[in-house]
Amino acid sequence: MRTLIKNGRVIDPATNKDGIYDILIEDGIIVKVGEKLEDEADKVIDARDSWVVPGLIDIHVHLREPGFEHKETIKTGSESAAKGGFTTICTMPNTNPVIDSEYLVEYLNLKAQRDSVVNILPIGSITKGQKGEELANIGNMAKAGICGISEDGHTVMNAALYKKAMTYAKMFDLIVFAHCEDKSLVGKGVMNAGDRALSLGLAGISNDVEDVITARDILLAEKTGAKLHLCHISTEGSLRLLKRAKEDNIDVTAEICPHHFILSDEAINGFDTNFKMNPPLRSKFDVEALKQGLKDDVIEIIATDHAPHHYDEKNTTFDEAAFGIVGLETSVALTITELVDKGWITPKQMIEKMSLNPAKRLGIEKGTLKEGSVADVTIIDPKRAYKIDVNQFASKSKNSPFHNKEVKGMVTHTIVGGQVVYRVDSEI
């Protein structure tokens, strides 16, 4: 099977390509990249006026299966990823049962082989049942194929236990995905602590809830030599700690989610629970600092923290509603609209942060369109304008604060291993 992608603007930071090129794919491999290729092909895709980029990689996704299939499944989550332009996603372990053994990792891998239209890399739990009391068998999970460990949605508050987990992560060359939240400080908080919370009569979550654990985890990473990745950073304090850690040559990276570089706590009215997330939407000061961190490449990765919830879990009071929003199908458009089009980052930086840098951090042979690489490709029309409509999502869940937002930038094709798994003019 030969596919020829023609006339697109190829943006491939790994090879410093940014120009009009054609790409020939044969049997799932990119075999030729050049100008005005005339090779015969079974399928021709005209990518005129579009970006042709390495398949996007989301390093932080919740698929909910097993146990919470009413929110999302591997099938629907992978279809949502494909519609959003993602060819590889890393899945968090806070399912039911928690992904805390090699048997559950193997189960997840088998389900992914059967049901997923994109590549799935599982993340294992740090502790058994995510209870924070006893380490999971990290070595056996590593052999079964996890890419890292995390207590996402929770925090290992026992520093000695966490340090031991980092030591094992170092031993098995795994990433530690850190959910930075001090449980002793968060209390009953449901949104950012500040004037808005006071005016709405809602309990606040202060910045130090995140910053204290960020500092602890960086220090432990320095001591153990583990590869630390800070999930969904939201505060200016975390950004400063990250910058300092990099200056000290500590092996740490960080991600930011679109909602944290777009929205501040001023967007919250106290009624729309789609604005309730963890970490919470922070102050305008934090938002501006984080955008500058993206611009300066201190923050190397954009991820979604795709967190699907059933309608009933959000259709309640702000105090009682579940934390989290879906993000796979809005990330590209929000990043183009709010960062690229406004001059915060370049198209090249966007592709670095959404493909090349995640691939580098994961240590996988992806994130590039070079000849000989697996044909994971995303095609984006950066000028196509539309309104986000949650009712059109492939995800089972619709919990997004961006419904009806006018954006630019639509994924038109997602290609995984040479196979078109999504195109805009067709159902998945």
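The side chains of Lys 405 and Glu 338 meet in a salt bridge, 2.9 Å from N to O. The model is predicted.

Me: Which domains does the domain assignment of the protein give?
Reply: The C-alpha centres of domain 1 and domain 2 lie 26 Å apart. Domain 1 is made of the segments 2-51, 374-395 and 405-423. The domain assignment gives this domain 1, together with domain 2 (54-373).

Me: How many residues of domain 2 are in contact with domain 1?
Reply: Contact here means heavy atoms within 4.5 Å. On one side, 40 residues of domain 1 take part. On the side of domain 2 the number is 44.

Me: About what area do domain 1 and domain 2 bury between them?
Reply: Of the area buried between domain 1 and domain 2, 63% is on carbon and sulfur atoms. In domain 1, Pro 13, Asp 376 and Ser 395 lose the most area to domain 2, together 17% of what that side buries. The area that the two domains bury between them is about 3200 Å².

Me: How many salt bridges does the rule find across the interface of domain 1 and domain 2?
Reply: The rule also finds 18 residue pairs in polar contact across this interface. For salt bridges across the interface of domain 1 and domain 2, the count is two.

Me: Which strand supplies the largest share of the side of domain 1 that touches domain 2?
Reply: Strands β1 (2-12), β3 (29-34), β16 (377-387), β17 (406-416) and β18 (419-423) each supply at least two residues of that side. The largest share is eight residues, and it comes from β17.

Me: How many nonpolar residues has the side of domain 1 that touches domain 2?
Reply: By class, this side of domain 1 has eight polar and seven charged residues. Its nonpolar residues number 25.

Me: How many residues of helix α12 are buried?
Reply: Helix α12 spans residues 331-340 and is mostly covered. Among its buried residues are Ser 331, Leu 334, Glu 338 and Val 340. The count of buried residues in α12 is 10 of 10.

Me: Is Leu 174 buried or exposed?
Reply: Leu 174 is in the loop between α4 (159-171) and β10 (175-178). Leaving out residues up to four places away in sequence, Leu 174 touches Ile 138, Ala 142, Ile 146, Cys 147, Gly 148, Ile 149, Ala 169 and Lys 227. Because its relative accessible area is 3%, and the cut-off is under 20%, Leu 174 counts as buried.

Me: What distance separates the C-alpha atoms of Leu 174 and Gly 363?
Reply: Along the chain, Leu 174 and Gly 363 are 189 residues apart. In the model, their C-alpha atoms are separated by 9.8 Å.

Me: Which residue's side chain makes a polar contact of 3.0 Å with the side chain of Asp 305?
Reply: Asp 305 lies in the loop between β15 (301-302) and α11 (311-314). At 9% relative accessibility, Asp 305 counts as buried. Not counting residues up to four places away in sequence, Asp 305 touches His 60, His 62, Asp 152, His 232, Cys 257, Asn 278 and Ile 325. The partner in the polar contact of 3.0 Å is His 60.

Me: What distance separates the C-alpha atoms of Asp 305 and Gly 327?
Reply: Asp 305 and Gly 327 are 22 residues apart along the chain. The separation of their C-alpha atoms is 6.9 Å.

Me: Is Arg 244 buried or exposed?
Reply: Arg 244 forms a salt bridge with Asp 248, with the closest N and O atoms 3.4 Å apart. Asp 248 is partly exposed, at a relative accessible area of 40%. Because Arg 244 has 53% relative accessibility, and the cut-off is over 50%, Arg 244 counts as exposed.

Me: What is the relative accessibility of Lys 128?
Reply: The side chains of Lys 128 and Glu 134 meet in a salt bridge of 3.1 Å, N to O. Glu 134 is partly exposed at 45%. Lys 128 also counts as partly exposed, and its relative accessibility is 40%.

Me: To how many salt bridges does the count come by this rule?
Reply: Side chains of opposite charge can pair when their charged atoms come close. One of the salt bridges joins Arg 48 and Asp 46 at 3.9 Å, N to O. Arg 2, Glu 26, Lys 32 and Asp 39 are linked in a network of salt bridges. By this rule the count is 27.

Technical notes
Residues are numbered from 1 along each chain as its sequence is written. This is a predicted model: local features need pLDDT of at least 70, side-chain atom pairs count only at pLDDT 80 or more; totals for chains, interfaces and linings use all residues. Side-chain values use heavy atoms; hydrogens and water are left out. Helices (H or I, at least four residues) and strands (E, at least two) are DSSP runs, numbered from the N terminus. Buried means under 20% relative accessible area, exposed over 50%, partly exposed in between (1.4 Å probe, protein chains only). Domain bounds come from an automatic or database domain assignment. Buried area is the accessible area (1.4 Å probe) that two parts lose on being put together, summed over both. A salt bridge is a side-chain nitrogen of Lys or Arg within 4 Å of a carboxyl oxygen of Asp or Glu. A polar contact is a pair of N or O atoms within 3.5 Å; within protein, one must be able to donate a hydrogen and the other to accept it, and residues adjacent in sequence count only if both atoms are side-chain atoms. Ala, Val, Leu, Ile, Met, Phe, Trp, Tyr, Cys and Pro count as nonpolar, Asp, Glu, Lys and Arg as charged, and the others, Gly among them, as polar.
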